[in-house]
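Work through the two exercises below with the sequence and the structure at hand. Each task is followed by a solution in steps.

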Amino acid sequence: MEDHDRRPGGNHNRKRRYRDDDEYDRRPQRRRYDAPLSVRIRKQLLGLAESPLRRWHEEVQSIAHVVADNYEEQELRTSFLELVPQMVVEQPLKTPFVAAVVLVINSLKPEILDDLLANVASATEEKIRVGEWRDVKLYLKFLACLQSCLDGDGLFPLLQELFSRAANLQTTNSDDTIGTELVKIILLTIPYIMATAPARWQQKAAELLDRTEVIAFEPHVLQVLIDPYHVEEGTESPTANMSLICLLQKQLHNESSNDWKLACLPRPWQMPPEEIEQQDKLDHAQKHTLPSILIPETVVTGPRPLFPEIYFSVYVNQDIESVPPVSNIASSLIRDGLLDTINILDFNRGATARFLIDVDCYFSPGTFVKRATPFDRLRDVDSDRSTWKPEDVAVDAVFSQLFALPTPEHKLVYYHSVLTEACKIAPAAVAPSLGRAIRYAYQNTHRLDIELCYRFLDWFTHHLSNFGFMWKWTEWVDDVDLPNMHPRKAFILGALDKEIRLSFAQRIKGTLPEPYQALIGPEKEQDTPEFKYNDDRTPFAVEGREIAALLKRKAPDEEIQPIINRIHSAALDQSIDPLVSSTDVFMTAVCWVGSKSLSHVLACIERTKDRLLDAGAASEAARAQIITAVVAYWSAHPGVAITIVEKLLNYSIITPNAVIEWALVGDRAGPYGEALSKSWVFELVFNTVVKVTSRLRQVVSSSGGDNNGEEVTGMRELFKSMEDALVSWAQGTKDQIMDPVVSDGGEDLVKRWGERWLRVCRRRSAIEETFLLENKPTA
């Protein structure tokens, strides 16, 4: 302590010794890291055109000059030659901008283009060989943007050869879908060629359009089944003449008569007036011969099933156009770019949503109004300017996939997540657009295909669950008093049931106005339903409680059998089916014992599987009673019942035909045809059909088309059962329809529901038969 005090200045001096640490940081400095040139170029290329604050021509020239000046560097050369084709098929909205970089490079160092064209031509040829038609379209789109630096007729000879293949396929089989796909690719490539030099290629484009007209205007046999609308007889569908290739053909003819203005397409290879020297270099750059791209005599469908496409929009018939009208080529070109982006980037929903929000960056200035412009403000826009909202166009594209028939490319939940991400990125801009889309779909539930109504309901409730279950329910309050079978009332009931599945009844009631409260009964607020055998007035109440107690303590089957025998004896005395009675008691007890959680009920079913298998195999009535017992116990929570029935199907305790019979033939799922309007019944039947068809496809794919007779027969019998049941509902010949209760106007609603169900059944059957035909083993 003494030594410490003798130090000059005491403690104050000790503190001052550390001033140097404050004034001169002696910590080792982080070494500065300069990324390699190839990495910097890659980053610049990947970020091309993403910011509205950067000018296109400056970005394009900056990248092009660096690549041209440093092309001898091996790493940069390899990276560039790999990245350009990769961007073309992964970020299709940027294709014109990538092409502009390549065109500027050609004006600086032409030999680079020879290497790049060889790579792209080779990739295109390989994709044609394996039937990856989307990638073929994207590569051709890129080559079309390079048309100005290609020798001779450039891409036209290849397009003409593709058409020859399409014509041969259509001549052989008018129902062929590959030929239709090839024509679509040709029609979507032509605009990008014409955007480079319209005056030069007008004659070639006109000749090609004259040839494609025959196929483009021929309606495909499947078009009627995949129309998103199912209108009543005597009424025309809003998409009756909206086949994509038919629209494209008409739109391109309109453009040709309008000097190929193609106003929406960006032309980043056209430099501003101050860049006159660079523009002159581009105009007089070296031409290159397009490497040969061989098209095999026999082209294949490829890994993705091909179907005719119909242009669908949720923003039709508005007072003001917020999306391009179908008469304008922009509707097809913008939608095509967005759909490719959405379906290619399925591995990154965040990136997909960002591209959708930034869609206005990738098309000509003036194509869209300013982002987040309120719909009401569109009336103030000058008549000579566009009123297209970028958010509406983006939302419309996602909904076109949600409502794509027979199925979209990816799982529906992916498209749900894209819309959720877009809402999170730009809520003020996207939410109003989604609101108008929801209102359109809701108002058209009576004429939308019933499968699409269910998809809409599924998305709507999932979306609300991500945003506190908030919606302007007051807008639909008048529909609460409609009959339960009215399409809009059926949608409301289905939506509330789904919301409760995703949350709990009390919370959902808290989000609803007063008129909706009565739609959520007190039974839905109970987590565990009442066990009906606790009431002594219920037949076989004593036996029910005894079986439940035995199941609860996992007693062996030998202890249960005497009670089952008592039920059989009592049922015979009352002249009722003994097996149905014992099955009802036993299955209800299983549901009650397993009501704590899904794992509990699965464990209980596993322990009693043998008895349930015997009951299910004994009679059709017993199989139906198993389903009835499950649904009756979980009547307040049909989602749980559906899950249990699906597990029973997995165990083969019940059969798919038993589910169809239970749901559609009698009135077990609802009297007087009410079952047809219940969304959970559609979910149950639809999931059963998917289970059967998925199994069939798995067997066919693994066996090469051989040894699948049993599965094929089973599938056809399933569809025949559905057809027979639904035809009688649709034609009004069901005994239940003749009942006086529904004969006062309800009969028409039931018949209409039957027609809508029948259409889904026939579409599913036709698709599976087409699959079997395509995978038929060759002799």
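**Exercise 1: an aromatic pair**

F456 is buried, with a relative accessible area of 1% (buried means under 20%, exposed over 50%, partly exposed in between, with a 1.4 Å probe and protein chains only). The model is predicted: local features need pLDDT of at least 70, side-chain atom pairs count only at pLDDT 80 or more, and totals for chains, interfaces and linings use all residues. Residues are numbered from 1 along each chain as its sequence is written, and side-chain values use heavy atoms, without hydrogens and water.

Task: classify the aromatic pair of F456 and F460.

Step 1. F460 is buried, with a relative accessible area of 0%.

Step 2. In helix α20 (residues 450-465), F456 and F460 are 4 residues apart and therefore separated by about one helical turn.

Step 3. Rings of Phe, Tyr and Trp (its six-membered ring) pair if their centres lie within 6.5 Å; planes under 30 degrees apart are stacked, over 60 edge-to-face, the rest tilted. The count by this rule is 30 aromatic pairs. F456 and F460 form a tilted pair, at 6.1 Å centre to centre with 40 degrees between the planes.

**Exercise 2: two packed helices**

Task: describe how α24 and α25 pack.

Step 1. The axes of α24 (residues 541-552) and α25 (residues 557-573) are 10 Å apart, at an angle of about 165 degrees.

Step 2. The two helices α24 and α25 are therefore roughly antiparallel (angles over 145 degrees).

Conventions
Axes are lines fitted to C-alpha atoms, for helices over the stretch in contact, and angles run from 0 to 180 degrees between N-to-C directions. Angles under 35 degrees count as roughly parallel, over 145 as roughly antiparallel, 65 to 115 as roughly perpendicular and the rest as oblique.
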